[in-house]
Amino acid sequence: MKPALFPVDRLNAAGLNRQAVFNLADLPAEIRQKLMPQAGETQLILLGHGGRRLWECVVPTAGERKDPIDDHCVATLRQLFADELPEHRYRILYPGEQIIGLQALGQLAGWHHPSPFMIGVDARWGSWYAYRAVVLSDTDFPAQTPVDRDKPADPPSPCLSCVERPCITACPASALLDGHFDLARCSSYRLHADSPCAFTCLARLACPVGSEHRYDAAQLHHTYGRSLQMIRHYRAQAFR
């Protein structure tokens with residue numbers, strides 16, 4: 001029996017336009033152990049989005065849901081397996097409670113290069129992408145070989161050829177000046193009254209790579225609004 005065709009078109013239409021499939025046996029042992037696969041599970045499906053398409057799919061019902069993006073991704077996967085892969089078993093690990101090393105998986109997929117502002121970048125999408133789902137399944141899709149994390153990336157990180165480093169100078173909190181991201185300085189600045197970074201990141205906006213895929217204002221507000229809530233929550237807990 002031939003392997004089933006991976007449902008690229010359907011996932012693209014739903015905004016999940018970054019896709020990677022790995023055979024679990026090909027993944028590094030430390031990653032397999034953290035994933036804790038169950039009997040019969042043979043593949044890992046990593047899904048992400050790049051650009052604005054996912055938000056365009058979500059925005060019609062965004063105001064009705066607490067986690068509109070996560071809800072959309074989970075619903076898309078459940079419907080896809082029900083419609084096209086009813087004979088296969090699957091588990092959605094992310095979104096979920098289990099801790100998943102998303103950036104490590106992104107490196108294996110060739111998606112992730114570190115940036116000064118602590119968000120992964122690549123040559124096509126810049127920083128305007130995110131990880132949206134990790135699924136373990138008993139499927140037999142054609143799989144890719146994990147990128148060797150110990151070898152130079154191909155293509156290399158776009159940051160390596162960036163001389164001007166506009167992200168560093170654009171940060172009004174000076175959280176990137178010493179070449180290392182200062183989370184405390186960034187977080188404190190975002191909490192200031194009328195902070196220009198409350199619902200965006202000026203350093204990220206300054207990066208020229210993939211700028212044509214930049215999120216619109218509503219998507220930025222949603223994304224950074226959630227992180228701002230987390231900062232406020234942890235700050236409140238710390239001062240109890």
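Me: Does tyrosine 131 count as buried or exposed, and what do the words mean?

Reply: Buried means under 20% relative accessible area, exposed over 50%, and partly exposed in between, with a 1.4 Å probe and protein chains only. Tyrosine 131 has 11% relative accessibility, so it counts as buried. Tyrosine 129, at 6%, counts as buried too.

Me: What should I know about the model and its numbering?

Reply: This is a predicted model, in which local features need pLDDT of at least 70 and side-chain atom pairs count only at pLDDT 80 or more, while totals for chains, interfaces and linings use all residues. Residues are numbered from 1 along each chain as its sequence is written, and side-chain values use heavy atoms, with hydrogens and water left out.

Me: How do I read an aromatic pair, and how many are there?

Reply: Rings of Phe, Tyr and Trp (its six-membered ring) pair if their centres lie within 6.5 Å; planes under 30 degrees apart count as stacked, over 60 as edge-to-face and the rest as tilted. The rule gives 5 aromatic pairs here. One of them is stacked: tryptophan 111 and tyrosine 131, at 6.0 Å centre to centre and 10° between the planes. Tryptophan 111 lies in the loop between helix H5 (102-109) and strand E4 (129-137), and tyrosine 131 lies in strand E4, so the pair ties together parts that are 20 residues apart in sequence. Helices (H or I, at least four residues) and strands (E, at least two) are DSSP runs, numbered from the N terminus.

Me: Which kind of pair do tyrosine 129 and tyrosine 131 form?

Reply: Their ring centres are 5.9 Å apart and their planes stand at 85°, so this pair is edge-to-face. Ring pairs link Trp111, Tyr129 and Tyr131 into a cluster.

Me: Which residue lies over the face of tyrosine 129?

Reply: A charge sits over a ring if NZ of Lys or CZ of Arg is within 6 Å of the ring centre and within 35 degrees of the ring normal. Arginine 18 lies over the face of tyrosine 129, at 4.8 Å from the ring centre.

Me: How do I read the two sides of a strand?

Reply: In a regular strand the side chains alternate between the two faces of the sheet. In E2, Gln43, Ile45, Leu47 and His49 point one way, and Leu44, Leu46, Gly48 and Gly50 the other way; all are buried. Strand E2 (residues 43-50) has 8 of its 8 residues buried, so it is largely enclosed by the rest of the structure. E4 is also mostly covered, with 9 of its 9 residues buried.

Me: Which strands pair with E2?

Reply: Two strands pair if DSSP finds at least two bridges between them. Strand E1 (residues 18-23) pairs with E2 in the antiparallel sense over 6 bridges, and phenylalanine 22 stands opposite leucine 44 in E2. E2 and E4 run antiparallel and are joined by 8 bridges. Glutamine 43 stands opposite serine 137 in E4, and glycine 50 has tyrosine 129 in E4 as its bridge partner. E3 and E4 also run antiparallel, joined by 4 bridges; isoleucine 92 stands opposite valine 135 in E4.

Me: How do I check the length of a helix?

Reply: The expected span is 1.5 Å times one less than the number of residues. The 17 residues of helix H4 (residues 68-84) should span 24 Å, and the end C-alpha atoms are 24 Å apart, which agrees.

Me: Which residues of H4 are buried, and what covers them?

Reply: An α-helix has 3.6 residues a turn, so residues three or four places apart point the same way. The buried residues of H4 include Ile69, His72, Cys73, Thr76, Leu77, Leu80 and Phe81. Contact means heavy atoms within 4.5 Å. What covers the buried residues of H4 includes helix H1 (8-13), E2, helix H3 (53-58), strand E3 (90-94), E4 and helix H9 (217-238).

Me: What does phenylalanine 117 touch?

Reply: Phenylalanine 117 is in the loop between H5 and E4 and is buried, with a relative accessible area of 6%. Leaving aside neighbours within four places in sequence, its contacts are Ser127, Cys167, Leu176, Phe181, Ala203, Arg204 and Cys207. The C-alpha atoms of phenylalanine 117 and cysteine 167 are separated by 7.3 Å, though the two are 50 residues apart along the chain.

Me: Where is the cis peptide bond?

Reply: It runs from tyrosine 94 to proline 95, with omega near 5°. Proline 95 is in the loop between E3 and H5.
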